[in-house]
Amino acid sequence: MTRLIGYARVSTEDQNLEMQQIAIEEYADEKKYELVMYLEKISSRKERQELQNAIKAATKGDIFVVYKLDRLARSTKELYQLTEELKTKGVEFVSINDSFDTTTPTGKAMFGMLAVFAEFERDIIQQRTKAGLEAARKRGKVGGRPAIDDKTKRQVVTLFNAGESAIDISKEYAIGRATVYKIVNESKNK
């Protein structure tokens, strides 16, 4: 028997899940599917454990159902990633309020459009990032961490060889522990 994996979310404890839950239950009754519900009261910016549990519980042949797309994801890219993960597992996806249903040919076409928009969104972000970095370079700003001078490198190597821990050295010079090891290894290879 096909199962519906229902997921409903509100952002705060004060908000009510009832409307979403009822809509998903009615959808399950109408389709005559077994329903497994996952409910969550948490901001979409935080780790949504119940969403992860719902996705984990979904198996091939199941249908993952939400009331609205914005209950599942904050961006087109995130929505595409989540629905692609479901698709890979052989799980269909339905958003009741948005009439998005991958069990139908129209829904599958919409999913393809979603993929196009997700790629478009990624491209725009990349272009803006490149433009921002180029504008910063023209203003004389250089990205990345400042270079470590030779004197500091010699001090790091001396302290390390004297038995100081990489953690203590990294705190002293405000550099990463991995950077300490990198400097020490570079000095050995010279």
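Buried means under 20% relative accessible area, exposed over 50%, and partly exposed in between (1.4 Å probe, protein chains only). The model is predicted: local features need pLDDT of at least 70, side-chain atom pairs count only at pLDDT 80 or more, and totals for chains, interfaces and linings use all residues. Residues are numbered from 1 along each chain as its sequence is written, and side-chain values use heavy atoms, with hydrogens and water left out.

**View 1. Strand β1 is mostly covered.** Eight of the eight residues of β1 are buried. R3, I5, Y7 and R9 point one way, while L4, G6, A8 and V10 point the other way. In a regular strand the side chains alternate between the two faces of the sheet. Strands (E, at least two residues) and helices (H or I, at least four) are DSSP runs, numbered from the N terminus.

**View 2. Strands β1 and β2 pair in the parallel sense.** The pairing runs over eight bridges; two strands pair if DSSP finds at least two bridges between them. R3 has E34 of β2 as its bridge partner.

**View 3. Helix α2 (residues 49-57) has buried residues L51, A54 and I55.** They lie on the same side of α2, because they cover an arc of only 95° around the axis. That arc is taken from the directions from the helix axis to the C-beta atoms. Their cover includes β1 (3-10), β2 (34-41), β3 (63-66) and α3 (76-88), with contact meaning heavy atoms within 4.5 Å.

**View 4. Helix α7 (residues 177-188) gives the largest share of the lining of the largest pocket.** That share is four residues. Among the lining residues are R145, K153, T179 and E186.

How values were computed: On a 1 Å grid over the protein atoms alone, a cavity is a set of points where a 1.4 Å probe fits but cannot get out, and a pocket is an open set with protein on both sides within 12 Å along at least five of seven lines; lining residues have an atom within 4 Å of a point.
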